[in-house]
Amino acid sequence: MKAHLMFRDGDFDPEKKLPPNEPLLTQDLELNTLFAAMAAGDKFLFEIAKRAAFSSMQDLDAIRYRQDILRDCIKNADVVRSMYAIAVESIEQERRHYLGLFSQSPSLVLHRSVNVVEMFIVTLGKLREVADAHAAEFQSEGFVTLFAMLKRELTDEYFALLRTHLKRMKFRGGVLISAELGKGNKGIKYILRRSDGDDDGWLTRLFAGRPRGYSFRLHPRDENGARALGELRDRGLNLIANALGQSTDHILSFFHMLRTELAFYVGCLNLHGELLARGEPICFPEPVALGERKHSFRGLYDVCLALTLTHHVVGNDVAAEGKDLTIITGANQGGKSTFLRSVGLAQLMMQCGMFVGAESFSADVCAGIFTHYKREEDSSMKSGKLDEELARMSTIIDELSPNAMMLFNESFAATNEREGSEIARQIVRALLEKHIKVFFVTHFYDFANSFWEKGMENAMFLRAERQSDGERTFRLIVGRPLETSYGQDLYDRIFGVPTSPTRPQALSPIA
Amino acid sequence: MTLPSIIRASPKDAPLNDGVAEPSFFGDLNLDQVVKAVTAGKEEYNLTPYFYQPLHDVDAIAYRHEVWRDLKNNMLSIHVRAFAARMHSVRQHLEQASKLHYQLQKESWFLDEAEIYCAAVSTFVRDLDTVELKSRGFSAFHEYLTKYVESDRFAALTAETKKLRADLGTVKYAILATDGGFTVRRYEGESNYSTEVERTFEKFKQGAVKSYEARFSDLAGMNHIEEKVLEFVGRLYPDIFRTLAEYCVKHAGFLDEAIVAFDRDIQFYVAYQDYISGFKRAGLNFSYPIMSGDDKEERSEDSFDLALAGKLAINKSRIVCNDFHLASDERILVVSGPNQGGKTTFARTFGQLHYLASIGCPVPGSEAKLFLFDQLFTHFEKEEDITTLRGKLEDDLVRIHDILARATSNSIIIMNEIFTSTTLNDAIFLGKNVIKRISDRDALCLCVTFIDELASLDKKTVSMVSTIVPDNPAERTFKIVRKPADGLSYALSIAEKYKLTYERLKERLNS
């Protein structure tokens, strides 16, 4: 029995090793804000949100499979949350049946397992009831399959069979064990046997005089004898205790899996609720095949920023086809970093099957998202800082493969513009040749302009917009890099000095 | 029919004496370390006495050399080891059976013992048929074994063992264990209940889960419940168990004396072969020495101290090999030269070589022609013993006198650093006199000394010197070469190093 709510024909592995870029990506895209919104205070939901985010998919069908399930979840949020509750209840109840670490005799294992299975029969029954009552309200392939499986496997007859076994496994008539002679004529191959039909039929026949056998009764005070007989019983019960013990673990892991996979969707429901409450739009993105180049969206915003602000966030519109390189320049605090993060976040959310924060969104799937951000914290030694940046870059290079997405934010700014530009230029040129999709936020005019002047078909230039009065709109426009950033504006504002004359701007309509 | 022996050429030769003490020179020559290492892990065979009894007959040594040469055939060596492994198991069974108290258990162990013994013997004789045996020892044993296997007694043992084994294999019983006792009867084909339960829970199977199988201690003995069960099984199968009891009485003491003796004797060869094979792999040579009881001309190539090689092997360091020879009238090797230059090691090598040859073993070195001594004496200085000079010198002289009183012209005397506890003049005087006596006796001798004068005493003495690396006197080559004693070269080298030679001192004083 499988849940298969994350993959059409596979299990979601929450233990899977996180990719090496996980810490950087979490930091640079501020993913913990996203996960916290999905978790709504639940540690487990947080963990699963994180795991799911980092097990990104490239297969378009697989992405759509989850999107469909998520649509069902949004439509039937209460049913989904109640199934999640059943899984959690099963897991918590199982934990209460304590099995001592050092007293795992087969009899004890068997006794505990019988009790646990009795409890599972109840919760599995509840799951069946949900399937009976609500299956019709779900359309996604994932849920239709899951409900059909529950109805098929968990029939009334099956529950009856389980109950019969549970009763039989209490062995009220004694334990029947077959054996053969081994080394030193000691018993070997102890196998638990079932006497035909009822539990005490064999005894009855024995008392009726056949078959021939010899009996021994323990003296009531023979404690060693009782212990030895107990061990003999245990030898007979060993395999069945193991089988039943493992079965309880299997059922338990079914509930674990169900809980884990539902946890992702419950997390999505939580996030959905948050964004809905803020009046922010969401949409299911249209993924485009790996290797194609498309980035078209309307109203794309930074979900994490939206979650931390009380006011409405500014969205961006871009329609880009065939672009490998996007260079973003412009005014400081003009929304460049926010834009870069919104691009990364949308990509990440799309590739784990989630909705994204936009009115519409379509992009090619990428082979991993990598970030290289300027680190603000270590300001002491300049050379050390560049060392650190380059070392970090070198580590990333080891991880990159074609069609990966690389987000640079003010990288290589630890040195002067000329050197920094040259380093950046050489790196970006190499990445493009290796078919890596690059987004580069920079204030290096030298670097940005050198690509502009090449007139590359596959490059796009975005600029943080500012109006003629120096106010920032936090909206990006397509436009050539300008020689100066707007640090002076900031200076002016903070120091309260009159505005300097505005420089000419080269504006062009959105591509 | 006389019983064959793999270690004794003739029944007239002295039999192995298990009570013999370790020869007095073992400690001086580090042979105690060698024997300890060779016999390690083979304590059950009590092999040390084999190493304490030198042979005094060239043919007795040749008899063992023949066996060694046969054993160089890898197939034979493998067969011998397989036989040994089975016989080891036979002994273990014998021991185990004696420890058990319940008759039905003892009988089972006895049956196993006989079964393994039959397999050991019949397999070994078949194996020996397939290899070419040139040695008198192996040929005689092979012949003996062939006749033994064809004997009626062995055939009966084999057949009855096989029959009983098969009969016991048919025994299959069932135990019904209840709270206060149990019933034993024949197994009647009841189905396996564990697999039935496993099938029922099959649908929940997920990934791998932990095992709940208990481990039971498998002691050879039985508790009284197990004994009772076995007693009942015996009553369920009375014919089989009656036959078993009769079999045990009939075949008590079935082990053959000569086969048992061979099993132990051959381990003398196996143990030493195992020990030296490691050194052979490391590139060291062993050879069968050409032995003579009257010719005192000797030659040894690439020999080394086996005890030291064992120590160095642990540190993966290389051992230095040395040569020596005694031509025509030469009898006495006088070894001088720098300290820590390998003189004592060379003395031990010389002693080990002769001793190992005398017990019929291959000796260290690529080639050896050696004299078969009647007695071997060592006198090694114990440096730390310098208490009262007079007492020590007196003690030295007493011991040397004692040696000379017992030594014959066929003896070997090894002296290491004698007379260090007196004045040089005394030492020269005493040394010359002692060497003269040995020379007159015509015994073989190796004498390590700082007294150069002894090296050229008469035509029987041969001077050998430990050498140094000319450029770096602190580095030892551990090479002992045949050349006149020139006690100065080493001192000069050291002086050169400290710029204290005449030439250097002149330069330094002039400046």
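Trainee: How do strands β4 and β8 of chain A pair, parallel or antiparallel?

Mentor: The general idea comes first. Strands of a sheet pair through backbone hydrogen bonds, either parallel or antiparallel. Now the case here, in what is a predicted model. Strand β4 (residues 286-288) of chain A pairs with strand β8 (residues 360-364) of chain A in the parallel sense. The pairing runs over 3 bridges.

Trainee: Which residue of β8(A) is the bridge partner of A:Pro287?

Mentor: A:Ala363 is the partner of A:Pro287.

Trainee: How many bridges join strand β5 of chain A to β8(A)?

Mentor: Strand β5 (residues 294-300) of chain A is joined to β8(A) by 4 bridges. These two strands run antiparallel.

Trainee: What about β5(A) and β6(A), parallel or antiparallel?

Mentor: β5(A) and β6(A) run antiparallel, with 5 bridges between them. Take A:His295 as a landmark: its bridge partner in β6(A) is A:Ala320.

Trainee: What is the order of the strands in the open sheet?

Mentor: Read across it as β4-β8-β5-β6 (chain A). That is an open sheet of 4 strands with mixed pairing. The parallel part is β4(A) with β8(A). β5(A) runs antiparallel to β8(A), and β5(A) also runs antiparallel to β6(A).

Trainee: Which are the edge strands?

Mentor: β4 and β6 (316-321) of chain A; each pairs on one side only. From one strand to the next, the twist averages 15°.

Trainee: Which strands does helix α12 of chain A lie across?

Mentor: Helix α12 (residues 336-350) of chain A lies across β4, β5, β6 and β8 of chain A. Relative to β8(A), the helix runs at about 75°.

Trainee: Now for two helices. At what angle do the axes of α6 and α9 of chain B cross?

Mentor: Two packed helices are described by the angle between their axes and the distance between the axes. In chain B, helix α6 (residues 152-169) and helix α9 (residues 238-250) have axes that come within 10 Å and cross at roughly 150°. That angle makes α6(B) roughly antiparallel to α9(B).

Trainee: Is the crossing of α6(B) and α9(B) left-handed or right-handed?

Mentor: Left-handed. From α6(B), the contact is made by B:Glu160, B:Leu164, B:Asp167 and B:Leu168. From α9(B), B:Ile240, B:Thr243, B:Leu244 and B:Tyr247 take part. By class, the residues of this contact divide into 5 nonpolar, 1 polar and 2 charged.

Trainee: How many residues of chain A are in contact with chain B?

Mentor: 64 residues of chain A are in contact with 56 residues of chain B. Several elements give two or more residues to the chain A side, including α6 (106-134), β3 (213-217) and α10 (223-277) of chain A. α10(A) gives the most, with 26 residues. The chain A side divides into 29 nonpolar, 21 polar and 14 charged residues.

Trainee: Which strand of chain B pairs with β3(A)?

Mentor: Strand β2 (residues 181-186) of chain B. The two pair in the antiparallel sense over 5 bridges. One landmark is A:Tyr214, whose bridge partner in β2(B) is B:Val184.

Trainee: How many helices and strands does chain A have?

Mentor: Its secondary structure comes to 16 helices and 13 strands. Of the 511 residues of chain A, 43% count as buried. Among contacts in chain A with a separation of 6 or more, residues 24 or more positions apart account for 75%.

Definitions and conventions
Residues are numbered from 1 along each chain as its sequence is written. Chains are lettered from A and ligands numbered from 1 in the order in which they are written. This is a predicted model: local features need pLDDT of at least 70, side-chain atom pairs count only at pLDDT 80 or more; totals for chains, interfaces and linings use all residues. Axes are lines fitted to C-alpha atoms, for helices over the stretch in contact, and angles run from 0 to 180 degrees between N-to-C directions. Angles under 35 degrees count as roughly parallel, over 145 as roughly antiparallel, 65 to 115 as roughly perpendicular and the rest as oblique. A crossing is left-handed if the near helix is turned anticlockwise from the far one by less than a right angle, and right-handed if clockwise. Two residues are in contact if their C-beta atoms, placed from the backbone, lie within 7 Å. Ala, Val, Leu, Ile, Met, Phe, Trp, Tyr, Cys and Pro count as nonpolar, Asp, Glu, Lys and Arg as charged, and the others, Gly among them, as polar. Two strands pair if DSSP finds at least two bridges between them. A residue is buried if 20 or more other C-beta atoms lie within 10 Å of its own, exposed if 12 or fewer, and partly exposed in between; C-beta atoms are placed from the backbone.
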